[in-house]
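Grab your viewer and work through these exercises one at a time. Try each task before you peek at the solution.

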Amino acid sequence: MFPEYDIIVAGAGHAGCEAAAAAANLGAKVLLITMNMQTIAQLSCNPAMGGIAKGQIVREIDALGGYSGIVSDLSMIQFRMLNRSKGPAMWSPRTQNDRMLFASTWRELLEKTKNVDFYQDMVIRLLLNENKTCGVVTNLGHHIYSKAVIITSGTFLNGIIHIGEKKLGGGRVAEKAATGITEQLVNLGFESARLKTGTPPRVDGRSLDYSKMDEQEGDEQIVGFSFLDIAKPEKQLSCWITYTNSKVHNILKKGFDRSPMFTGRIEGVGPRYCPSIEDKINRFAERDRHQIFVEPEGWNTVEMYVNGFSTSLPEEIQYEAIRNIPGFESARLFRPGYAIEYDYFPPTQLKNSLETKPIDNLFFAGQINGTTGYEEAACQGLMAGINAYQKIRSQDPFVLKRNEAYIGVLIDDLINKGTDEPYRMFTSRAELRTLLRQDNADLRLTELSYSIGLASSQRMNRVLSKKKEIEEIKKILNSLSVDFEDTIAFLTRINSAPLLQKQKAFQLLLRPDIHIHDLVNGVPTLCAALRNYSPESLEEAEIQIKYDVYIKKEVALAERIKELENLVIPKNFDYDKLSALSSEALQKFKKIQPTTLGQASRISGVNPTDVQILMVYMGR
């Protein structure tokens with residue numbers, strides 16, 4: 001019934017979709033197996049993509065040739081560039097999305113992707129040949145063979161849904177849990193554990209009083225995620241902001257004795273940076289209110305997402321509390337919030353390619369590795385899809401370094417430090433974040449992806465054209481002089497000091513209150529010289545000029561880090577020979593098996609002395 005496939009992807013969430021698309025676009029014959037063909041690429045929680053650091057990841061996925069940025073742009077109902085008041089390293093794109101349009105667009109793109117087949121079933125077991133996976137067994141009893149398998153199970157592995165004292169088996173509301181995989185892998189020597197996440201109630205937008213809330217509109221200029229030319233919406237939908245209060249908190253506290261989180265019925269650890277409303281009240285008892293974002297679910301629905309009110313309290317407590325939030329006095333619930341706990345496999349059991357160490361040709365991506373968030377899952381899926389293809393062709397893994405991408409930071413953190421709570425990406429996790437900006441993701445990554453055959457020639461040509469434009473703009477700004485007469489009207493209008501003598505245009509741009517688009521629109525000489533360049537190239541040139549000193553410092557730091565990354569530790573290195581190593585370092589080195597001294601230095605619990613000992617022994 002089934003041919004042999006190159007790669008089987010189990011699970012069609014964000015990780016599974018990106019994995020299937022990447023592997024297929026590289027040339028692999030892919031089978032995407034999902035428990036429900038109607039829920040491919042679901043936005044299971046909030047109807048949004050991007051945000052702080054997450055937006056950088058989506059742009060990196062797009063720069064590499066993935067689909068998440070394209071789908072997000074095609075389904076956006078609002079766009080905002082967060083942190084514009086800060087430096088460009090902190091700028092983070094975010095879209096509100098039409099939930100149904102997002103999923104249908106993803107499915108349409110996958111169905112148009114050559115080499116992707118689909119099948120609706122549950123994977124319950126791996127087929128193994130000695131220490132190598134060779135396919136899967138499904139719930140319907142099918143044995144389907146492949147050269148590699150990628151598991152992207154999300155929250156479905158032995159998932160349990162909690163609403164107050166009610167406990168239901170499931171991987172998402174109204175969807176059954178996945179079973180069999182955890183038990184088999186544990187018997188094979190894998191370590192597994194439990195995590196939890198949650199989601200808020202959904203309400204009928206017709207029942208809300210928006211006059212009691214603050215409106216949050218989208219940006220006038222829509223940048224979007226994709227570096228391709230994707231049509232932008234002509235209008236946007238607003239979000240709304242309101243707040244809880246002490247009465248809401250007191251009502252919620254009435255349900256604490258029936259909260260699965262406080263009574264111990266939930267074993268898994270929840271996300272530190274996206275806590276439930278009951279957890280926020282408990283941890284931040286001194287606060288008398290918490291912010292609530294009211295987000296539309298799409299163009300053609302009245303359903304609203306109550307961001308900031310994630311909860312697993314009893315339904316009647318949720319209902320009473322939410323009706324005491326300003327604007328929610330007459331709110332009608334479409335469905336209550338709930339918590340879900342599920343199995344994951346600590347990611348120190350993975351290689352930097354996301355292949356598992358115990359079993360060859362088996363890859364994990366997404367929440368199975370302990371991460372939380374669509375964007376974190378999607379980038380892992382992309383990398384797993386690429387590396388599964390590389391592995392079956394006996395090619396070197398495609399690995400992004402920490403100085404190359406947030407994706408590199410994420411995977412490096414996971415495999416070296418592991419995680420015992422849902423891992424979320426932040427800009428603070430990247431020590432070289434001035435280099436890893438959202439605006440230059442294409443300049444950093446597209447050529448790397450093009451070299452392995454994933455990024456298209458169209459993308460590569462756009463990058464080459466953009467690089468050429470940036471250098472031309474910088475050359476013009478460094479060579480062209482402006483004087484008092486040329487700039488007086490513009491500088492007076494923005495209350496900036498007038499020029500006392502002629503100076504190069506780039507010096508004027510170094511003023512913190514002046515941006516390149518202001519110069520193009522306000523200074524005749526520069527308008528004539530720069531008006532034909534794209535807004536993206538102009539902005540990129542401005543960033544490179546304004547932040548040149550900081551960028552050079554990080555480049556120098558990256559070079560020093562690279563020296564350690566180039567010092568390769570021999571495979572099967574015998575760490576027991578190094579009697580001077582600390583016992584913790586010895587234990588961690590043997591467990592994680594770092595491939596370079598750079599990787600060894602980033603393992604949690606390893607100190608600089610341990611790395612020095614290792615370096616000396618290797619003759620360095």
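Two strands pair if DSSP finds at least two bridges between them. Helices (H or I, at least four residues) and strands (E, at least two) are DSSP runs, numbered from the N terminus. This is a predicted model, where local features need pLDDT of at least 70 and side-chain atom pairs count only at pLDDT 80 or more, while totals for chains, interfaces and linings use all residues. Residues are numbered from 1 along each chain as its sequence is written, and side-chain values use heavy atoms, with hydrogens and water left out.

**Exercise 1.** Find the strands that pair with β1, and work out whether β1 is buried or exposed.

*Solution.* Start with β9 (residues 143-151): β1 pairs with this strand in the parallel sense over five bridges. Here Tyr-5 sits opposite Ser-146 of β9. Next, go to β2 (residues 30-34), which runs parallel to β1 and is joined to β1 by four bridges. In that pairing, Val-9 has Leu-32 of β2 as its bridge partner. Finally, check burial (buried means under 20% relative accessible area, exposed over 50%, partly exposed in between, with a 1.4 Å probe and protein chains only). Six of the six residues of β1 (residues 5-10) are buried, so this strand is largely enclosed by the rest of the structure.

**Exercise 2.** Determine how α6 and α8 are oriented, and which residues make their contact.

*Solution.* Begin with the geometry: α6 (residues 246-253) and α8 (residues 315-322) pack at about 170°, their axes 9 Å apart. Axes are lines fitted to C-alpha atoms, for helices over the stretch in contact, and angles run from 0 to 180 degrees between N-to-C directions. The two helices are therefore roughly antiparallel (over 145 degrees; under 35 is roughly parallel, 65 to 115 roughly perpendicular, the rest oblique). The contact (heavy atoms within 4.5 Å) is made by Val-248, Ile-251 and Leu-252 of α6 with Ile-317, Glu-320 and Ala-321 of α8.

**Exercise 3.** Locate Asn-572 and decide whether this residue is buried or exposed.

*Solution.* Asn-572 lies in the loop between α18 (548-565) and α19 (583-592). With 64% relative accessibility, Asn-572 counts as exposed.
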